[in-house]
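Here are my notes on the side-chain contacts, as promised. Have the model open while you read them.

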Amino acid sequence: TTPNAYYDIVDLDLDTPPADMNNIVLPNGVYEYDITNSGFMNTFTHSYSWYRIVDESGFPMPEYEVHYDKGTLTVEDGKVTLEVTLTIDARQENHKVVYEGDWSLLDCTNEVYE
């Protein structure tokens with residue numbers, strides 16, 4: 001990770017798995033934050049979706065790993081927009097992150113973490 005960086009992390013549940021796990025492209029649509037981890041498709045989970053700040057060495061700061069209160073992720077041709085509400089230091093914040101460009105994703109389902 002990059003030192004002193006801010007990250008918004010989402011774990012999406014899709015209706016159908018990608019056809020090519022080496023070239024994952026998210027289908028256009030709106031994905032709602034699933035605070036109860038119900039497993040409904042086309043959502044992003046509470047357990048593995050959060051906002052994170054890392055320190056000057058690039059390590060996560062546990063006090064700034066905050067799950068969202070609510071949110072929506074919108075995917076349009078080549079554009080991803082994440083709009084979330086979260087509470088940091090007893091203060092509610094609204095974040096809007098927009099990304100356009102090459103957004104192919106890696107398949108981490110078989111990763112081994114140490």
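1. Salt bridges first, and the rule: a side-chain nitrogen of Lys or Arg has to lie within 4 Å of a carboxyl oxygen of Asp or Glu. By that rule, the count is 2 salt bridges. One of them joins the side chains of Arg91 and Glu93, at 2.5 Å from N to O.

2. Before going on, a caveat: this is a predicted model, where local features need pLDDT of at least 70 and side-chain atom pairs count only at pLDDT 80 or more, while totals for chains, interfaces and linings use all residues. Residues are numbered from 1 along each chain as its sequence is written, and side-chain values use heavy atoms, with hydrogens and water left out.

3. Arg91 is partly exposed at 46%, whereas Glu93 is buried at 18%.

4. Glu65 and Arg52 make a salt bridge too, with 2.7 Å between the closest N and O atoms. Strands here are DSSP runs of type E with at least two residues, numbered from the N terminus. Glu65 sits in strand E6 and Arg52 in strand E5 (residues 50–54), so the bridge links distant parts of the chain, 13 residues apart. Glu65 is partly exposed, with a relative accessible area of 30%; Arg52 counts as buried at 18%.

5. Now the rings. Rings of Phe, Tyr and Trp (its six-membered ring) pair if their centres lie within 6.5 Å; planes under 30 degrees apart are stacked, over 60 edge-to-face, and the rest tilted. A search of the whole structure turns up 4 aromatic pairs. Among them is Tyr33 with Phe44, a tilted pair with 5.4 Å between centres and 45 degrees between planes. This pair links distant parts of the chain, from Tyr33 in strand E3 (residues 29–34) to Phe44 in strand E4 (residues 43–45), 11 residues apart. Tyr33 is buried at 11% relative accessible area, and Phe44 is buried at 0%.

6. What does Tyr33 do with Tyr68? Their ring centres are 5.8 Å apart and the planes stand at 80 degrees, so this pair is edge-to-face. Tyr68 belongs to strand E6 (residues 60–76), 35 residues from Tyr33, and the pair again links distant parts of the chain. Tyr68 is buried, at 1% relative accessibility.

7. Put together, Tyr33, Phe44 and Tyr68 form one aromatic cluster.

Definitions and conventions: Helix = DSSP H or I, 4+ residues; strand = E, 2+ residues; numbered from the N terminus. Buried < 20%, exposed > 50% of the residue type's maximum accessible area, 1.4 Å probe, protein only.
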